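Colleague: I'd like to go through this model with you. Please tell me what stands behind each label you use.

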Amino acid sequence: MYNLNMDINRLKNIRAILFDLDGTLVSDEDVQVEAMLKTINFFNIDMSIQEFSKRFSGKGLFQIEEDLIREFNLKIKQGDIRKKRKEIVIELLSKRKTCCTYFAKELVQFLNKRYPLAICSAGEKEEVLLKLKNNNLLKYFKKIICAEDVERSKPYPDIYIKGAKELGFIPKECLAFEDSIMGLTAAKSAGTLCFVVPDKKAKQQDFFLADRILESLEEAYNIFKNI
């Protein structure tokens with residue numbers, strides 16, 4: 001049986017909140033899938049989008065690019081895949097608006113009154129900022145940490161370590177919100193608490209490291225109202 005008091009006691013020591021973006025606060029799966037499919041086709045990579053999603057969900061773009069170049073022996077420079085994908089994504093986002101995930105804006109607005117907030121995303125900064133602006137979320141975040149800001153992206157802990165430091169705290173004083181195994185691994189390796197709302201494609205994955213698995217962000221909102 002779920003013990004609400006256990007969550008409340010653990011969260012009393014939290015001083016800052018760190019959010020993943022894609023899939024956690026912003027629903028942009030259609031844009032991501034279309035952009036990656038066009039990028040894969042551009043470089044003649046023989047991989048279906050289904051296989052790509054299964055293998056790379058939650059991984060940072062730097063790691064994805066390294067893996068693809070090595071596996072398919074691509075005669076391109078490091079950065080070429082990221083550059084092409086970025087061009088495609090920015091073009092798509094300029095024509096097609098993303099939307100917030102369920103109860104994301106309500107939770108962010110509520111937590112912003114109590115804690116400093118940061119985005120810790122494996123995405124590239126221009127893309128991250130555009131999504132935040134398009135959904136009127138940018139003003140709530142004191143820091144935006146992206147792939148360019150760290151040496152290693154998720155599942156390594158660098159993004160969450162830097163996010164905590166940028167807000168003036170150590171990771172164990174922070175709570176992270178994630179939707180993927182890669183993100184959860186990064187957050188827990190950094191030393192934060194981590195609540196997960198599993199991506200719909202990842203429902204069957206084992207999120208045993210999570211401090212709480214949520215049905216939606218509304219559940220987190222209801223927990224924090226009791227603190």
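**Burial and salt bridges**

Colleague: Why is D211 called buried?

Modeller: D211 comes out at 18% relative accessibility. Buried means under 20% relative accessible area, exposed means over 50%, and partly exposed is in between (1.4 Å probe, protein chains only). So D211, at 18%, counts as buried. Bear in mind that this is a predicted model: local features need pLDDT of at least 70, side-chain atom pairs count only at pLDDT 80 or more, and totals for chains, interfaces and linings use all residues. Residues are numbered from 1 along each chain as its sequence is written, and side-chain values use heavy atoms, with hydrogens and water left out.

Colleague: How do you know that D211 forms a salt bridge with K188?

Modeller: A salt bridge needs a side-chain nitrogen of Lys or Arg within 4 Å of a carboxyl oxygen of Asp or Glu. For D211 and K188 the closest N and O atoms are 2.8 Å apart, which makes them a salt bridge. D211 is in the loop between β7 (193-196) and β8 (212-213) and K188 in helix α9 (residues 181-190), so the pair ties together parts 23 residues apart in sequence. Helices (H or I, at least four residues) and strands (E, at least two) are DSSP runs, numbered from the N terminus. K188 has a relative accessible area of 24%, so this residue is partly exposed.

Colleague: What makes K125 and D149 another case?

Modeller: Their closest N and O atoms are 2.7 Å apart, and they form a salt bridge. K125 lies in helix α7 (residues 125-134), while D149 is in the loop between β5 (143-145) and α8 (158-167), so parts that are 24 residues apart in sequence get tied together. K125 is at 25% relative accessibility, so it is called partly exposed. D149, at 28%, is partly exposed too.

Colleague: Where do K84 and E87 lie?

Modeller: Both are in helix α5 (residues 80-95), three residues apart, about one turn of the helix. K84 and E87 form a salt bridge, with their closest N and O atoms 3.3 Å apart. E87 has a relative accessible area of 41%, so the label is partly exposed.

**Helices and packing**

Colleague: How do you know that α5 has close to the expected span?

Modeller: The expected span is 1.5 Å times one less than the number of residues. With 16 residues, α5 reaches 23 Å from its first C-alpha to its last, close to the expected 22 Å. Its buried residues include I81, R82, R85 and I88, and what covers the buried residues of α5 includes α2, α4 and α7.

Colleague: Why is A35 called buried?

Modeller: A35 has a relative accessible area of 0%, so buried is the label. A35 sits in helix α2 and, leaving aside neighbours within four places in sequence, is in contact (heavy atoms within 4.5 Å) with I88, V89 and L92.

**Pocket and cavity**

Colleague: What sets a pocket apart from a cavity?

Modeller: Both are found on a 1 Å grid over the protein atoms alone: a cavity is a set of points where a 1.4 Å probe fits but cannot get out, while a pocket is an open set with protein on both sides within 12 Å along at least five of seven lines, and lining residues have an atom within 4 Å of a point. Volume is the space filled by probe spheres set on the points, with grid points joined across faces, edges and corners. The largest pocket has a volume of about 970 Å³. Its lining has 42 residues, with D22, G23, D28, D179 and D199 nearest the centre, and α2 gives the most, five residues.

Colleague: Which residues line the largest cavity?

Modeller: M36, L61, I64, E65, I81, R82 and R85 do. The largest cavity has a volume of about 30 Å³, and α4 and α5 each supply at least two of its lining residues.
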